[in-house]
Amino acid sequence: MFTIDSAMACSPPSLHRYDHCIHNGDVDAALRDAPHRLSGRLYVGAQEHFYMEPHSVVAVPGERHGEMTIHAMTQCVTKTNRLVAACLGVHEAHVNTKVRRIGGGFGGKETLSTYRAAAAAVAANKLKRAVRMSMTREEDMLASGQSHPFRGTWTVGFDADGRLLGADVELVNNAGSTECCSNVVMDRGVAHFQNAYHFPALRVVGKVGTE
């Protein structure tokens, strides 16, 4: 079974290409001179997006060849238009994606929704009639990705009053065999690590693990 630890244990580590990081101040000096230091490692497991409504899409062909209207549950209209047009071999202007409303997609209806839309559009284009695809909860969870498992390794320096002086952090997520949104997810992890805290010296390095 592929895990973050097994990917990082390879020589060299099994990683997708990713080189984004945050580096502010002299981290090595801050940690060396800090009166107190702590180090640790934290694992956060995968999590299903489990949005309220499973994926569904309606593809309606237009009067002219290649025209398609997509009624989709998607967080990304542009990507839906682009992928459907590519699958149909037409210009993006021939595809019209409509989203009436969407609740919490939690990222599960960003790129993953585009594949459902493309499949329905290809069928509608072939049959010359509207095609509707609505997945059961079980089908949707089997076909969807998950929120990535993460491993965080950290060293933090602080003074006698508990004031943070510096931190050195490595974040690794489990992207599996394909990147999909894994780079973007890691961008969020790196950029949001500080949360409401202030580190005078901080280094956060992101890595995207692969099989």
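**Exercise 1.** In this predicted model, find how the residues lining the largest pocket divide by class.

*Solution.* Start with the classes: the lining divides into 15 nonpolar, 15 polar and four charged residues. Then turn to the elements: β2 (36-44), β8 (146-147), β9 (150-158), β10 (164-174) and α6 (182-192) each supply at least two lining residues. Of these, α6 gives the most, with five residues. Finally, the space in this pocket comes to about 930 Å³.

**Exercise 2.** Work out which element gives the most to the lining of the second largest pocket.

*Solution.* Begin with the lining, made up of 13 residues, with S56, A72, M73, R100 and R101 nearest the centre of the pocket. Two or more residues come from each of β4 and β5 (68-72). β4 gives the most, with three residues. By class, you will find five nonpolar, three polar and five charged residues in this lining. The pocket holds about 210 Å³ of space.

**Exercise 3.** Describe the lining of the largest cavity.

*Solution.* First, note that the structure holds one cavity of 30 Å³ or more. The volume of the largest cavity is about 40 Å³. Now list the residues around the cavity: H55, S56, V57, A72, M73, T74, T80, S113, R116 and A117. To finish, sort the lining by class: four residues are nonpolar, five polar and one charged.

Conventions:
Residues are numbered from 1 along each chain as its sequence is written. This is a predicted model: local features need pLDDT of at least 70, side-chain atom pairs count only at pLDDT 80 or more; totals for chains, interfaces and linings use all residues. Side-chain values use heavy atoms; hydrogens and water are left out. On a 1 Å grid over the protein atoms alone, a cavity is a set of points where a 1.4 Å probe fits but cannot get out, and a pocket is an open set with protein on both sides within 12 Å along at least five of seven lines; lining residues have an atom within 4 Å of a point. Grid points are joined across faces, edges and corners, and a volume is the space filled by probe spheres set on the points. Ala, Val, Leu, Ile, Met, Phe, Trp, Tyr, Cys and Pro count as nonpolar, Asp, Glu, Lys and Arg as charged, and the others, Gly among them, as polar. Helices (H or I, at least four residues) and strands (E, at least two) are DSSP runs, numbered from the N terminus.
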